Amino acid sequence: MLCLKCVKIITDVDNLLIEFDPEEYGLCENIKESLICERCNSDILIGDYYFEDESETEEIESELCYKIGKAVQKNISSCPNCGHGSDMKDLQASLYIHFKEDDEWEDMYDDYHIYTELQGLIADNSLVDDDYYDEIIDNIRCPQCGNGGGAYSKDTMYDEKFDRWTEVYTKRDVELFDENFYGEVYKSIKDYVELIGSKIKIEKLEEFRNKYVLNPIFITQEDMFKVLYDKLNEVFNKGPNITLYKSKRLYRTRPNENGNSLFDKTELWNPPMVLANQGRYNTHGKSVLYCSNNIDILTKEVPIPADKEYNFATLRLLKPMKMLPIDIIFSDFEGFINDNSVEDSVMKKKYILTNIIQLICERIGYNGVAYKSVKDSRYVNYAFFNFEKNQDIEILNVFK
């Protein structure tokens with residue numbers, strides 16, 4: 001029998017904000033007594049899901065490769081056969097015609113030809129092992145023209161089969177081309193952002209944020225608050241949401257003095273309200289439990305001085321937890337939800353919109369928010385606010 005952490009791709013889909021439900025795949029739940037994982041010798045506790053046999057993992061890995069492929073595919077704006085890819089072919093031909101005699105056209109084209117290989121696209125957006133790349137790429141299609149599956153009918157006779165080195169164009173690739181090609185003439189300025197089919201003017205969003213700074217008490221009366229509330233309530237009821245499965249392991253850290261004994265379990269919970277400073281998903285005095293599914297990112301999120309060391313806690317979910325996948329819902333709000341600028345003010349303006357989103361999510365009934373780390377977007381973190389200690393979440397152990 002195998003524990004879930006021994007099938008790493010299950011954790012990898014977390015970082016792409018893809019839900020994994022053990023019951024959907026018919027996994028066993030331990031209801032009798034503690035078992036031992038045959039691969040890593042870790043405990044499979046009562047309430048944990050596990051694989052009865054290693055052969056059960058193959059079908060799940062294949063299904064998750066499909067889901068990862070579709071998630072990575074969302075980053076593609078066009079392929080070499082359409083959109084920006086077609087424009088680049090036209091540019092290449094034009095440069096050849098006008099500069100072929102001076103042998104300059106190839107260097108000029110290389111300067112403007114900004115693209116991303118599929119293997120790089122997977123690596124930049126996930127922590128998936130290289131062993132899975134080929135199967136993931138088999139499931140990727142160009143969202144604009146459908147290219148990628150190879151020719152199998154008269155409608156796809158010109159389609160190619162993608163591989164690791166296939167060049168595609170992301171939104172950022174196209175923006176960089178525009179900046180390089182058009183120079184100062186090009187202005188990458190958006191007038192609005194989109195949220196679940198609604199267009200919101202950026203100036204109105206900034207005005208809303210400024211009003212919060214001046215008077216946070218009455219912010220719920222603002223029209224923008226009502227728009228955000230209605231949209232998030234719609235997502236809560238219709239999706240897309242992520243439900244973290246019961247028994248899932250997460251990790252949390254806190255700096256400790258070098259050489260000191262480990263913190264007690266009670267000291268690794270979220271801080272008391274009187275000690276809670278403003279964070280990305282909590283206002284001053286609001287205590288939120290921040291954690292991650294990966295220890296590596298915690299050391300980036302929480303830098304420590306030389307005279308301290310990390311204490312980590314392993315947490316286990318005791319019930320399914322419904323989370324808002326904020327980077328999916330607010331994908332157009334990059335500058336507002338993932339601002340990583342340095343601010344010295346007591347009230348950090350960069351956190352205001354996410355603080356308001358947390359407030360709304362708590363009222364609606366979410367257990368928390370799942371969000372990409374601003375330190376490294378390949379990782380995902382969690383902020384829990386609707387939960388009971390030792391009833392909904394428990395701390396299993398503390399370690400260095």
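**Strand β9.** I began with strand β9, residues 192–195, in this predicted model. I found that V193 and L195 make up its covered face, whereas Y192 and E194 make up the uncovered one. I recalled that side chains in a regular strand alternate between the two faces of the sheet.

I then looked for the partner of β9. Strand β10, residues 198–201, is joined to β9 by 4 bridges, and the two run antiparallel. Opposite Y192 I located K201 of β10. I noted that β9 and β10 form a hairpin with 2 residues between them. In the turn, I196 has a positive phi of about 50 degrees.

**Residue D173.** I next turned to helix α7, residues 171–182, which contains D173. D173 is buried but has no salt bridge. I looked up the nearest side chain of opposite charge and found R172, 7.3 Å away. A polar atom of the D173 side chain does lie 3.0 Å from the backbone nitrogen of T170. Setting aside neighbours within four places in sequence, I listed I114, Y115, T116 and V168 as contacts of D173.

**Residue R164.** My last entry concerns R164, which I placed in the loop between α6 (133–137) and β8 (167–170). Is R164 buried or exposed? R164 counts as buried because its relative accessible area is 14%, and the cut-off for buried is under 20%. I recorded a polar contact, at 2.8 Å, between the side chains of R164 and D134. Apart from residues up to four places away in sequence, R164 touches several others, including E117, L118, Q119 and Y133.

How values were computed:
Residues numbered from 1 in each chain as written. Predicted model: local features only at pLDDT ≥ 70, side-chain atom pairs only at ≥ 80, totals over all residues. Heavy atoms only, no water. Buried < 20%, exposed > 50% of the residue type's maximum accessible area, 1.4 Å probe, protein only. Lys, Arg positive; Asp, Glu negative; His and termini not counted. Salt bridge = Lys/Arg side-chain N within 4 Å of Asp/Glu carboxyl O. Polar contact = N/O pair within 3.5 Å; in protein donor to acceptor, adjacent residues only side chain to side chain. Contact = heavy atoms within 4.5 Å. Pairing = 2+ DSSP bridges.
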